[in-house]
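Please look over the sequence and the structure shown here before reading on. The report below goes from the ligand to the sheet and then to the core.

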Amino acid sequence: MKIDLRNKVILVTGAGRGIGKAIASLAGSAGATVAVHAHSSLEKASALSNEIGNGSKAFSTDLADMIQTEALYHAVLSEFGKLDVLINNAGVAISSPPVTDNVQWLEDWNKTMAVNLTAMGLLCKLAIPDFIAHQGGIIINISSRAAFRGDTADYLAYAASKGGVVALTRSIARAWGKQNITAFGVAPGFTRTEMAQDFIDAYGEDYAIKDLALSELTTPKDVAQTVIFLASGLARHATGATIDINAGSYVR
Ligand SMILES: NC(=O)c1ccc[n+]([C@@H]2O[C@H](COP(=O)([O-])OP(=O)(O)OC[C@H]3O[C@@H](n4cnc5c(N)ncnc54)[C@H](O)[C@@H]3O)[C@@H](O)[C@H]2O)c1
């Protein structure tokens with residue numbers, strides 16, 4: 001079976017690098033028109049959207065700012081006239097040790113929640129009426145293994161935000177299934193991206209691999225392949241589920 005996303009408009013947030021870039025590229029190879037969102041580098045996103053082709057376009061906004069987040073959604077809708085699949089991938093992992101003073105700790109907490117959960121929730125809320133009007137749509141939200149396994153003391157906000165992603169996704173699936181809206185979570189484990197590079201630099205690759213059942217680190221492409229499968233509509237009856245992609249490091 002070949003995945004065919006021709007005539008589908010797909011918004012991928014945080015597509016400037018890492019997992020988001022791999023998702024956008026793979027969606028493009030399957031024929032999709034991609035709204036390539038990047039945080040600040042419009043040139044990077046434009047280079048990728050040109051490479052993808054299929055009428056894809058680049059957008060850049062700060063998802064910590066909800067006014068910009070709402071503007072992003074409307075800009076995508078006005079550019080393409082419709083949205084078929086919303087892929088909320090952008091995220092931050094801010095280290096905020098418990099010894100951090102309260103003001104800084106709360107700043108880190110609020111920024112993490114804003115980018116990882118609030119912007120995601122707002123984009124879902126904005127897309128749902130359009131999905132209803134167009135007889136359906138697919139939402140894919142990138143969570144994390146941390147939602148289920150928990151994280152370290154320095155990443156409490158990160159784990160809490162990713163747990164929120166799972167609950168948000170389940171609720172959308174339950175609330176709007178009858179309107180042909182399906183929603184899926186994807187929970188990567190340690191994945192070889194720039195977000196993970198600091199950890200690899202500090203502890204070495206072997207240390208990261210010891211944690212896995214498989215013998216090599218997960219790559220952005222490994223995550224993207226599952227995301228594209230979900231975007232195809234072939235997994236419709238798995239709506240509400242969050243799929244683990246963690247090389248067997250946390251089997252639940
Ligand atoms: N790499 C991992 O090990 C891992 C593990 C579990 C989950 N994840 C999740 O996968 C997703 C992608 O992460 P990645 O590993 O590719 O990391 P990454 O840091 O390479 O990419 C994150 C993307 O989010 C964007 N982003 C960050 N802050 C933003 C903001 N304020 N406004 C707009 N965009 C913003 C970045 O520009 C970047 O494109 C994230 O949601 C992350 O939490 C990653």
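How many residues surround the ligand, and which are the closest? In this predicted model, 27 residues surround the ligand, and the closest are Gly14, Gly18, Gly91, Thr193 and Met195. The elements that contribute two or more residues to this shell are helix H1 (18-29) and helix H7 (194-203). Sorted by class, the shell holds 13 nonpolar, 10 polar and four charged residues.

Turning to the sheet, seven strands in the order E3-E2-E1-E4-E5-E6-E7 make up an open sheet whose pairing is parallel. Strand E3 (57-60) and strand E7 (242-245) are at the edges with a single partner strand each, so one side of each has no neighbour in the sheet. On average, neighbouring strands of this sheet are turned by 15° against each other, direction ignored. Strand E1 (residues 9-12) and strand E4 (residues 85-88) run parallel and are joined by three bridges, and Leu11 stands opposite Leu86 in E4.

| Helix | Strands | Angle |
|---|---|---|
| H1 | lies across E1, E2, E4, E5 and E6 | about 170° to E1 |
| H2 (residues 42-52) | touches E2 and E3 | about 165° with E2 |

The largest nonpolar core has 66 residues, of which Ile10, Ile23, Ala27, Val36 and Ala231 touch the most other members. Helix H4 (residues 102-133) gives the most to this core, namely nine residues. Leaving aside residues up to four places away in sequence, Ala231 touches Leu5, Ile10, Ala27, Val85, Ile87, Ile138 and Ile140.

Note on methods. Residues numbered from 1 in each chain as written. Predicted model: local features only at pLDDT ≥ 70, side-chain atom pairs only at ≥ 80, totals over all residues. Near = placed C-beta within 6 Å. Helix = DSSP H or I, 4+ residues; strand = E, 2+ residues; numbered from the N terminus. Nonpolar A, V, L, I, M, F, W, Y, C, P; charged D, E, K, R; others polar. Core = buried A, V, L, I, M, F, W, Y, C linked by C-beta atoms within 7 Å. Buried ≥ 20, exposed ≤ 12 C-beta atoms within 10 Å, placed from the backbone. Contact = placed C-beta atoms within 7 Å. Pairing = 2+ DSSP bridges. Axes fitted to C-alpha atoms, helices over the stretch in contact; angles between N-to-C directions.
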